[in-house]
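Me: Could you take a close look at the place where the ligand sits in this model? I would like one connected account of what surrounds the ligand and of the space it takes up.

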Amino acid sequence: MSALTEDQKRFFWENGYLMAPGAVTPSELAALRRDFDAWVAESRSRAENYGQILDGRPRFDLEPGHSAAQPALRRVNSPVEVSQSFYDVMAASRMTDFVADLIGPNVKFHHSKINSKLPGAATKVKWHQDFPFTPHTNDDLVTALLLLDDMTEENGALEVLAGSHRGELHTLWHDGVFTGSIDEATADDMQRRSALCLGPAGSVCLMHTRLAHGSKPNLSKIPRTLFICVYSAEDAVPLVPNPVPSKHEGLVVRGERTGRVRSKDFTLKLPQKPAQASFFSQQAATYDG
Ligand SMILES: O=C(O)CCC(=O)C(=O)O
């Protein structure tokens, strides 16, 4: 039986995204928050990025200006490797069912991360599409952004350009540099036409990998924490190394492994993997203030 209604599926394919409530149970949500709160508490005693993921880069990424009094833990890379609660939600939850309804029946896991905007932190995300970061042989990929807090206009909600998944792939390279962001003039235009993704904690924003999106800093006193899982159809094969490598990459979370590859025609310039903890540092190279 389908977890999403026909109307929800139609909305997703038409607009490239869908806000779906009830992606996790209250106890799953509480467990995720508990682990995340513990990581924030631990970050207060740190002055630099710390921890390590599979390729040696830091797991915990701190925004410049982070301090014990005003923690600004902006990214946890691959939380599914260090938390059973995050692993369980990634591998088997209502969120996983939703994704299978869109790109299933056979779905595999690619990578995960937490993007956090703690109150007062300057973290923003410049406009981009995900596919040029993680190109695969076909574009049946969904980025599932699970809300661990209510997402409001004031706390730096995700903003999307509806329908942009059906348009062109925008380059993230400018003047020979991989900036991880769409050029400023195009991004400004997208911003003007954007829609806000708002919802209560426990909802998920399901986003097509080609959908253009970004988000502003958190200007409120409420945190904005997203647990982000990227999934693909099982027959989509990655074309570049994983930007957030995980020992769970390729885990089939729904359906079965067929071993087949399906390809789609497209052209893009291959991305550059971030040398530092996350794409925030790549985007920072072109920050305009
Ligand atoms: O954290 C955000 O607001 C945006 C997340 C994002 O851009 C992504 O997952 O690609």
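Reply: Happy to; what follows goes from the ligand's neighbours to the cavity and then to the open pocket. Please keep in mind that this is a predicted model.

Let's start with the shell. Around the ligand you will find N115, V125, H128, D130, L145, L158, H213, S215, R224, L226 and I228. By class, that shell has five nonpolar, four polar and two charged residues. Three strands each supply at least two of the shell residues: strand 5 (125–128), strand 12 (213–215) and strand 13 (224–233). Strand 13 gives the most, with three residues.

A polar side-chain atom of S215 is 2.6 Å from an oxygen atom of the ligand. For D130, the distance from a polar side-chain atom to a ligand oxygen is 2.8 Å, and for N115 it is 2.9 Å. As for cover, the ligand on its own has 300 Å² of accessible area, and the protein covers 98% of it.

That brings us to the space itself. The ligand takes up the largest cavity, and the count of cavities of 30 Å³ or more comes to one. The largest cavity holds about 350 Å³ of space. It is lined by 29 residues, of which R75, K113, H128, D130 and F279 are the closest to its centre. H128 and D130 also belong to the shell around the ligand. The elements that give two or more residues to this lining are strand 3 (73–77), strand 4 (107–117), strand 5, strand 6 (141–147), strand 12, strand 13 and helix 6 (279–284). Strand 13 again gives the most, here with four residues. The cavity lining divides into 13 nonpolar, 11 polar and five charged residues.

Finally, a look at the largest pocket, with about 260 Å³ of space. Of its 14 lining residues, K124, K126, W127, D188 and Q191 are the closest to the centre. Strand 5 and helix 5 (184–192) are the elements that give two or more residues to this lining, and helix 5 has the largest share, with four residues. The pocket lining is made up of five nonpolar, three polar and six charged residues.

Notes. Residues numbered from 1 in each chain as written. Predicted model: local features only at pLDDT ≥ 70, side-chain atom pairs only at ≥ 80, totals over all residues. Heavy atoms only, no water. Near = heavy atom within 4 Å. Polar contact = N/O pair within 3.5 Å; in protein donor to acceptor, adjacent residues only side chain to side chain. Areas by Shrake-Rupley, 256 points an atom, 1.4 Å probe, with all protein chains shown as cover. 1 Å grid on protein atoms, 1.4 Å probe; cavity = no way out; pocket = protein on both sides within 12 Å on 5 of 7 lines; lining within 4 Å. Sits in = over half its atoms within 2 Å of the grid points. Nonpolar A, V, L, I, M, F, W, Y, C, P; charged D, E, K, R; others polar. Points joined across faces, edges and corners; volume = space filled by probe spheres on them.
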